[in-house]
Structures are given as structure tokens and as C-alpha cells.
Amino acid sequence: MPDRTDRSARICPDCDGFPTVAVTTGTRDQDGTRTTLPVVCPACHGTGHAPLWLVTTRTSTVKAGASC
């Protein structure tokens, strides 16, 4: 069964809907876990959604199927 998407929910073209990532600092805590910092998308401010003008005027920085 197809999943219907809400037209009012516009995915941010910069983060592709994944607005928060954890970036490691390269150090470890005393218990051995890695120290990470949460970083939010500067375009959507961590919401994952973008206004219509942002979606229609900017090209996406994330390319589907692109290999690194």
C-alpha cells in the first residue's frame, strides 16, 4: 500500500530530512565511549523541514545515489 506524504511537510534540500548528526571529537570519556557533539542543519535549524522558498530556489547538496 503506498505511503501518502503530507504536502505541507517539505524536506530540507540541505540535510535531506536528517537535521541532526553526531560528530565525534576524537577523544574518549573515562568509561571508554566516544565524545560526540550534536550538530544541526544550518538551513532548517534542526527541523528537517524547509519553507517553500528554500525548497524551490536552492538545489540540494545531497545527491541520491552518489558515491563518495
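1. Residues 24 or more positions apart supply 55% of those contacts in the protein chain that have a separation of 6 or more, a contact being heavy atoms within 4.5 Å. The model is a predicted one, in which local features need pLDDT of at least 70 and side-chain atom pairs count only at pLDDT 80 or more, while totals for chains, interfaces and linings use all residues. Residues are numbered from 1 along each chain as its sequence is written, and side-chain values use heavy atoms, with hydrogens and water left out.

2. Helices (H or I, at least four residues) and strands (E, at least two) are DSSP runs, numbered from the N terminus.

3. The protein chain has 68 residues, of which 15% count as buried; here buried means under 20% relative accessible area, exposed means over 50%, and partly exposed lies in between, with a 1.4 Å probe and protein chains only. The accessible surface of the chain is about 5700 Å², and carbon and sulfur atoms hold 57% of this area, as computed by the Shrake-Rupley method with a 1.4 Å probe, where for residues only the protein chains shown count as cover.

4. On the cysteines, the structure holds zero disulfides, a disulfide being a pair of cysteine sulfur atoms within 2.5 Å. Cys41 is in no disulfide, and the nearest cysteine sulfur to its own is that of Cys44, 3.8 Å away, which is too far for a bond. Cys41 is buried at 8% relative accessibility, and Cys44 is buried too, with a relative accessible area of 6%.

5. The largest nonpolar core consists of five residues, namely Cys12, Cys15, Cys41, Cys44 and Ala50; such a core is a set of buried Ala, Val, Leu, Ile, Met, Phe, Trp, Tyr and Cys residues joined through side-chain atoms within 4.5 Å. Apart from neighbours within four places in sequence, Cys41 is in contact with Cys12, Asp14, Cys15, Pro19 and Gly46.

6. Val21 lies in strand 1 and is partly exposed, at a relative accessible area of 42%.
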